[in-house]
Amino acid sequence: MIGRGNQNTSGAIFRVIILGIFVGFGFILFNRNANTPGGGENTPLPSTLEPLSSPTAPALTTIMPGTDTPVALQLGNVRLYIPNANVVSNIVPVFLGETGSWNIQFLGGNVGHLQGTGWIDAPGNIVLAGHIEQSDGTPGIFAGLSQIAFGDDVILEIEGERRVYTVSTIRETSPQDLSVLYPTPVEQVTLITCDQYDFISNSYLARVVVTAVRVS
Amino acid sequence: MNRRTLLNLALLIFIGSFLSLSIVTPVDAQAPNEIEVTSDYDSSSNPDEFPASNNLNDCSLREAIQNANDNAATYLDCAAGAADDLIVFDASVTTITLDGRISVISEIRIDGDASTDQNYSDNVILNGSNGGVFVMNSSDGDLTLDELTIQNSDESAILQSSGVLTCNLSRFQNNTDSESGGAIDSSGATTIIDIDECVFNDNSASDDGGAIVFTGALLTISNSAFLNNEAGTDTETGDTNGGSGGALYRGGSQTGSTLTGVYFSNNIANTGADSVDNVGGGAIYNRTSDNTGIGINGMVILANSFAGNQANGSGADGGAIFNDGGNMLISYSNFGEAPLPFTIPSFLSAFITISAPNTAEGFGGAVHLAGGALTDIVGSSFFGNTAFDGGGIYVNASDRGTGIYNSTLNDNTASDSGGGIFLAGTDDEVLIVNVTISDNNAASGGGISNGGDGDSPGGGGFVGRIDYPESSDFDDAIIANTILSGNSTGNCNGASLSDGLGNVTSTDACADLTTALLGSANLGSPELTFSLASIITYTRPLQAGSAALGAGRNEICDDLPYPLFLDQRVFPRPVGDVNCDAGAYESDLVGATPTPTATATFTATDTATMTNTPTATSTPTDTPTGTPSGTATDTPTGTTSPTPSGTATDTPTGTPSGTATDTPTGTTSPTASGTATDTPTGTTSPTVTQTATASPTIDPSLSPTVTQTATASPTIDPSLSPTATQTATASPTIDPSLSPTATLTATASPTIDPSLSPTVTQTPSPTTPGSNPTPVIVIVDPFITKSVNPPFAVNGEIVTWTITITNPGTVPSNNVTTTDTMPDVVQIQSVNATAGTINFNGQVVTFTLASLAPGQTVTITIVTRVRDDAVLPFVVINTATLTSSTGSDSATATLTGVNELPATGEPLDFAVRWGGVIALGIAAFGLLWLKRKSARTV
């Protein structure tokens, strides 16, 4: 039998424990939500693209190949706009780095154009990468990529002029699948972000790959 | 609920949640579970041949798959199955005849050859002659076929209603079905098929889809071949459905299909004697119910080749493709005869010939568009295809809008109308831009035949940046920047076509193209394009003097949905002329006449002066004045009377004619812009004085000081007064008073030569193709191209470099030598050339050939392997150089070495990663403490 006094004390402790469980779960769920593409709160999008103000547009600090010196680089007035994935971002160059892949250490909230892949207004594969989440658990620029659907518009704006691409494939692949980088005979945009967070290794085991072909 | 129960529940929740966080199944992180098939035995009723033996030497394919499905050792003859299984074969197992289909409900890969040699002859063979081979009806059943040959099935070899089917380096041959899909019958809302480097040959179906019928979700085919497949083998009377899609029938509502680098050769769709309309598609029949845009929920065809496909039977349409209402993008593909030899991918070389026309007994020898199909055709070639109407393309897709861009239709034949293109629908709204339509044949309308209503006016709208007024007829077709040349009988016939400007037609004009430039298109022989390694199309180059040079409109060719600033070969345009050329081929030759468009701007920066003396016989517009002097000395003889004497004063009438042909020579660089307007004025004092009675005999080209004596008495005009003096009119065209630096009409502009350097600056400069390194190839004589596959690689990966050397000229190129020093990050495995001598020493590859014939192409293949110790990442730009007796050239290819895609998920900070777990840990500790305490209390 449980005495009343003990019952009151135990009840208080029990409530604290239950509160702790809820706090713990809430904390985890919050972070998992943040880690899930599209899990973040939608931000209102501009109905039309505002012209980039090049003098004040944020530049990217990155490492030029063969050097150790951070330099500020930015592709001239280029911006990515994906209405259905809440993406409005500058595009910055991403060079190959010491990790055996592209150095995205300083990518931050920008979208990066991978060195050696195609570029606008020519047949080829324009490969753009963006984080799914930041290290502090907040959504990355491509957190909403899973919301994208076949037929959605992907817009690249350069010097105020838009190029419109239409989403044609959405798939998940392994990080070692380099075929997504291969050149294509028509102009295409390939968007890459991470998926399948592994708690143990604190890394992501898969990549989400979205392709969109130029329509105008 | 008592406290103990509650505590236990809370503890379970915590442990479960912790485990769910901690245990994450990695993607492709583990090697698959391997099961080896050691027996060729198969029985659907008794899968275990020797139930009592449980001997691993008796493992049959059916047992192996059952274990894989069960994730267990259901049959002890085989290794136990797991979540992800790889089934391989002992070398003794070469052929298995199956006793009915095997069900796949798990993730299974079957590898029929340990090597990846692209040699189909050493694949393990699965005979499906007793009811097919596999059935996939589970969403968990993903089947991958590696290097297997599946043959002789008497029903669809694979019946798929769910899951993902992947085919690599495998072959389906001689499978048949009494309904549809001899090799694969795939249906269901979620089915996915991914095919790469597979061959489908000699499969057949009584109805649709000789090889594949697909009504599933997503179909991807790349680097594969469909040969000699046949649909509609049951064509008896009463079978009004016929058979469509000799190789592939695609229907249903889907999320999209993509076919890249696929060869369709000699596939047949038989429609039967009494079949209904809208059947055919010798290679592909495409019909989907969801049309939301080009390439979306539709079919994308990239760099495919279609040859010798047939739509047979009454009303059979679309010799290669029948697109019935689906959305389709056909880009950089070839339909029909291949006029020049080219290299076939090695994995197909044993199977395929791709030089033959596609034919349809009905409409559309190559492509038939019907039923509201929304189709764009870009950068493709149609050579030698035949049909009743529309030897190349037949369009009957009212109000949907078909676009044909940067393509060539040549030597196609219609026994009735529309050798190149037939427009059948009312208001097809077809846009034909930068297309070369040449030497096609038909009883009427060899180039384009318009069977539409031709009503006018229709609605206006934009073509490129040109806004056509509301009165423009956009209903049937609008044609712009297009060549119609040499088509018989007639370039155009039928209802009116809309003139989108910038067109060139040969002297057999299209009546509706009122602004078309008449003249010889002067097309060269068909030319193979090498713009990208995997793209095989043909076009007709422009020759010197072609009326199409610079005849196009930049406002059109630089602003359309597809990159018309690159021509069919993916060369930049415009070059040579200010404006782009008409047709699919952009030449660097300069047109014979300037194109005075408002947008063209020239700036000549040199100041050289003209030193030549014009000798033009340009047309004068003034009437010379002054008094001729001199005395005619002619004394006509003969019987003509009266005999003229004295001085003739006759003033000639009429208008001298002739065309100014003077071409200034020397170092002239005209500073003029626009059109020179020199008109000889009346200051000429013709000193030619002729005393003659026969004005027609006075030669206007005589120099001013020549005194001519007329001797042709029959031409003496008896009506002339004997005292008449005639003033010559020829000399005014030569104005000796003109300054040598004068601005001349017409003769100035041809001297605007963009090739002049460095004194001439041309604005705008030729378009550059952007940063992509592959599309642009500079043609020299001969020329070389180079590519690398794959362009991104990891350590140990095989990388193949392909070099082509072509002599596009008309004379042999001798002493051809190519040298290529491979980068240190790769190790050469083998070298090969289709002609000549090739060897390598260290990293240097050397190729020699005594003589390269006109039109000949030699392909060099260098197989390398990325060294295991190559430090990633790396970027190497490798150059191959070519020298010969007729010229030299070089080409580069870029290889990038990386180990993986960028890690686009940052590692979580410690607090973020562990915060929740620590909180739960504290809670768990408290729970355990409470549980222990309560237990003691109780």
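Guide: The strands themselves (E, at least two residues) are DSSP runs, numbered from the N terminus. Keep in mind that this is a predicted model, where local features need pLDDT of at least 70, side-chain atom pairs count only at pLDDT 80 or more, and totals for chains, interfaces and linings use all residues. Residues are numbered from 1 along each chain as its sequence is written, while chains are lettered from A and ligands numbered from 1 in the order in which they are written.

Now find strand β71 (residues 874-884) of chain B: eleven bridges tie it to β72 (residues 887-897) of chain B, in the antiparallel sense. Along that pair, T881(B) sits opposite S890(B) of β72(B). Both strands belong to an open, six-stranded sheet of chain B with mixed pairing, ordered β64-β72-β71-β66-β69-β68. At its edges you'll meet β64 (792-793) and β68 (837-841) of chain B; each has a single partner strand, so one side of each has no neighbour in the sheet.

Chain B also has an open sheet of four strands, β63-β65-β70-β67, and here the pairing is antiparallel. Its edge strands, pairing on one side only, are β63 (783-789) and β67 (826-833) of chain B. Seven bridges link β63(B) with β65 (residues 798-806) of chain B, antiparallel again, and V788(B) has W801(B) in β65(B) as its bridge partner.

Definitions and conventions: Pairing = 2+ DSSP bridges.
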